[in-house]
Every structure is written in C-alpha cells, then in structure tokens.
Amino acid sequence: MSDNPCLSCGACCMSFRVDFDRSELLSEGGSVPDGLAVELTGRLVRMRGTDHAQPRCAAFSGQVGVKAACGIHEWRPSPCREFGERAPMGIGDDACARARARHGLAPL
C-alpha cells in the first residue's frame, strides 16, 4: 500500500477548473484525449466537468477522501501535473488545503 495521500483524496479533482493550452490535446500533438476537454477560446481548453458549479473532472474516478484515481494520469494536462507537487509526499500547500477543506478533509 502506498503512503501517497493523493490516492485516498481526490479533492483537487473535484474543486477547481482545469484550463490548459490547446497544444496539450492529443489531436494537437499533446497527450490529453480531446474528448475530455471543452473549448474556451482559440488557444484555451478546459477539462470536461471542471466548469460545473460543483466541479468533478471527467477523468476522476473514486470517492473523495476514500479512494481516488485519475483515468488519464500519464496523459493529464500541465495544471494537474503542477498542482500540489509535494502532496504525494504528505506536504500540502494552500490550494491543496482549500480543496481538502471543501470536502471536509483536514489539510496535509
């Protein structure tokens, strides 16, 4: 069993909008599946589901605080790669703490 707290959290996947450059889409030479993104502008796209009043990334599976997984972890966009870079080591930051608080979880 991993000590990575992210594997039982997932609060970030259900708290924030995830906007990224179109070049990260598979059709543009990137790795994010096109079907998981919605167009915002000519250059900007958003992960499907993260624009809702209660965000839930379309790639998220599991239950926040219990078991969490990203269906496209190897191909996730840059904002997801950059979010909470030290969280897997149990070291949270302000954004991680805000996401966890939204779901009734204590900060890391």
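Residues are numbered from 1 along each chain as its sequence is written, and side-chain values use heavy atoms, with hydrogens and water left out. Because the model is predicted, local features need pLDDT of at least 70 and side-chain atom pairs count only at pLDDT 80 or more, while totals for chains, interfaces and linings use all residues.

Side chains of opposite charge can pair when their charged atoms come close. The model holds 3 salt bridges (a side-chain nitrogen of Lys or Arg within 4 Å of a carboxyl oxygen of Asp or Glu). Arg 46 pairs with Asp 19 at 2.5 Å, N to O. Arg 46 lies in strand E3 (residues 44–47) and Asp 19 in strand E1, 27 residues apart. Helices (H or I, at least four residues) and strands (E, at least two) are DSSP runs, numbered from the N terminus. Arg 46 is buried at 12% relative accessibility, whereas Asp 19 is partly exposed at 28%. Buried means under 20% relative accessible area, exposed over 50%, and partly exposed in between (1.4 Å probe, protein chains only).

Asp 21 forms a salt bridge with Arg 43, with the closest N and O atoms 2.6 Å apart. Asp 21 belongs to strand E1 and Arg 43 to the loop between E2 and E3, so the pair links parts of the chain 22 residues apart. Asp 21 is partly exposed at 28%. Arg 43 is also partly exposed, at 45%.

Arg 22 forms a salt bridge with Glu 39, at 3.2 Å between the closest N and O atoms. Arg 22 sits in the loop between E1 and E2, and Glu 39 in strand E2, 17 residues apart. Arg 22 is buried at 15%; Glu 39 is exposed at 54%.

The count of aromatic pairs is 1. Rings of Phe, Tyr and Trp (its six-membered ring) pair if their centres lie within 6.5 Å; planes under 30 degrees apart count as stacked, over 60 as edge-to-face and the rest as tilted. The ring centres of Phe 16 and Phe 83 are 5.6 Å apart and their planes meet at 45°, so the pair is tilted. Phe 16 precedes strand E1 (19–21), and Phe 83 lies in the loop between helix H1 (78–82) and helix H2 (94–102), so the pair ties together parts 67 residues apart in sequence. Phe 16 is buried at 18%, and Phe 83 is partly exposed at 26%.

Leu 36 lies in the loop between E1 and strand E2 (37–39). Leu 36 is buried at 17%. Beyond its neighbours within four places in sequence, Leu 36 contacts Arg 46, Met 47, Arg 48, Ala 58, Ala 59 and Ile 72 (heavy atoms within 4.5 Å).
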